[in-house]
Amino acid sequence: MQTTLLVLLIASCPAHAFTNLFSSPRASVALNAKQNAFSRDLRFKGAVAFRPVQETSYFEGSELSSDKKVRAQQLVEAAVNVAKKRDGDQKLFIQTVTEVATSLGPLFAETEEYYFAFKHMLEPEQLHQFRVPWVDDAGRTRVQRGFRVQFSSALGPYKGGLRYHPSVGVDTIKFLGFEQVFKNALTTLNLGGGKGGSDFDPKGKSEAEIMRFCQSFMTALEPYIGPNRDVPAGDIGVGGREIGYLFGQYKRLNQGRFEGVLTGKSADWGGSYVRPEATGWGCVFFAEEAMRDLKGEKIKNKRCALSGSGNVATFAAQQLLKLGAVPVTFSDSSGTIYEPEGFTAEKLDLLMKVKAIRGARLTDYAAKSPSSTYHASSRPWCVVENIDLAFPCATQNELDEQDASSLIKAGCTGVFEGANMPTTPGAVEILEAGGCVFGPAKAANAGGVAVSGLEMAQNAQMVQWTEAEVEAKLRAIMIEIYHQCADCAETYHERSALKEGANIAGFLKVAAALREQGAV
């Protein structure tokens, strides 16, 4: 049985042309909110106005203050309370809603229309939950839960990854999907936001079991996706192998139709070069531009602590080495590996080969590298005494207040999120108070979805760009994303407030689209 939760009716997704993705100049995303299309005509006509007839209940029956700062706080609290009233048990979703709403306070104070637009965005357009039965190698039938949240198609087809991990549930995919809406808006590409996955754990499973699960998952997911409707990609637990199995089953279900319904495919059959590297490389490109603009510094010779040891972390380290930086740590769920003199290209290659072996841990690398030290049950932030830059690339809420204090004490001047929401709100406050440049995930790790968008463009044109071409486009997009964030931050806060700038820039673009498309 399949259960589809139709949360809101949505309008049909418009046609999208991918052939002119790079024709818009930087000004195509309004960086001065007062000149934004949404601001030029805030009052909607007739039934499509965001301002409902009666909204007093959201303000606890009290009048809004005439003081802008107080009014901003009232409206932020009201927006968060809307989410808590509906989804109070979804802690990750409430955390990201609170973070975004707090950044948008100055906009809410400028006009309540922004508040109502934001409230509109809190509800996903559709949320699908389905059963995924599969047979293990012992012949036993097992059942997992599958999910796909289609949060917003205001800017284009839903776009976001699929995650296979025991922690996946409605809360996780709603948090990730909500973040994805604003992240995709920053890429300059025509992409909506979505996310999905399953509580299936690929660890310890055979190749045949993973294939059978992927085929069953796609059978359940297929009715909801398409190249101009929803284009999933990979995430934790879903790499090139899993994308291949999913794509093969999609073709099987659609009489061999070969189309760009998934990204992250092999470059040998419809994928894009640089897709595996994109999130890590993009994060470093963002960090490079931020440090140049805000600190007047280059990344060369900077000692860099990285968490995680998957694609994001290892390819970030690869790009750091190209720029002359010195990556010194990686981590997994068991502990941290530390190279006091830094990872060389050869040592990084050894680490990647070790991690490519199914079930391998960082202790296996430590056994092969006598210059390294392994710190069990420790995260990188408290292991290194002197550090310049940090790249949390593992998972959400991995860098807390204690870790942030340790980084400041170690001399860290920049933290750039390679994972989704890896830094707790309290830690962000400590980092910013300590003068640290903070690159938020929805901006700093947007390289993955950016190259996914480029893969969609190549599929639509039936062409394949070279690795050099894709890398150049990725670098240009990440630099553009940085300046969108910094310019919006400068308008409403200060130029270094990149978290606030990212939220505002992404929100303004989505709000403008919602305004023009009506009550959908």
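User: How many residues of E5 are buried?
Analyst: Six of the six residues of E5 are buried, so the strand is largely enclosed by the rest of the structure. Buried means under 20% relative accessible area, exposed over 50%, and partly exposed in between, with a 1.4 Å probe and protein chains only. Strands (E, at least two residues) and helices (H or I, at least four) are DSSP runs, numbered from the N terminus.

User: What kind of model is this, and how are residues numbered?
Analyst: This is a predicted model, where local features need pLDDT of at least 70, side-chain atom pairs count only at pLDDT 80 or more, and totals for chains, interfaces and linings use all residues. Residues are numbered from 1 along each chain as its sequence is written, and side-chain values use heavy atoms, with hydrogens and water left out.

User: Back to E5. Which residues sit on each side?
Analyst: Gly 193, Lys 195 and Gly 197 are on one side. Gly 194, Gly 196 and Ser 198 are on the other. Both faces are covered. In a regular strand the side chains alternate between the two faces of the sheet.

User: How does E3 pair with E5, parallel or antiparallel?
Analyst: Strand E3 (residues 141-152) pairs with E5 in the antiparallel sense, over six bridges. Two strands pair if DSSP finds at least two bridges between them. Gly 196 in E5 is the bridge partner of Arg 148.

User: And E4? In which sense does it pair with E5?
Analyst: Parallel, over three bridges, with E4 covering residues 158-164. Here Arg 163 has Gly 197 of E5 as its bridge partner. E4, H6 and E5 make a right-handed β-α-β unit. Right-handed means that, with the strands pointing away from the viewer, the path from the first strand over the helix to the second runs clockwise.

User: How many salt bridges in the whole structure?
Analyst: The search finds 26. One of them joins the side chains of Lys 442 and Glu 179, at 3.0 Å, N to O. Lys 442 is in helix H15 (residues 441-444) and Glu 179 is in helix H6 (residues 170-186), so the pair ties together parts that are 263 residues apart in sequence. Lys 442 and Glu 179 are buried.

User: Where does Arg 241 stand, and what does it bridge to?
Analyst: Arg 241 forms a salt bridge with Glu 242, with the closest N and O atoms 2.8 Å apart. Arg 241 counts as partly exposed, at 31% relative accessibility. Glu 242 counts as buried, at 4%.

User: Which residues form a network of salt bridges?
Analyst: Asp 293, Asp 487, Glu 490 and Arg 495 are linked that way.

User: What is the order of the open sheet of seven strands?
Analyst: E10-E9-E8-E7-E11-E12-E13, with mixed pairing. The edge strands are E10 (373-376) and E13 (437-439), and each pairs on one side only.

User: How many bridges join E7 to E11?
Analyst: Three bridges join E7 (residues 303-306) to E11 (residues 389-391), and these strands run parallel. Ala 305 stands opposite Ala 390 in E11.

User: Where is Ser 307?
Analyst: Ser 307 is in the loop between E7 and helix H10 (311-322). Ser 307 is buried, with a relative accessible area of 0%. Ser 307 and Ser 333 are 26 residues apart in sequence and 10.0 Å apart in space, C-alpha to C-alpha.

Definitions and conventions: Salt bridge = Lys/Arg side-chain N within 4 Å of Asp/Glu carboxyl O.
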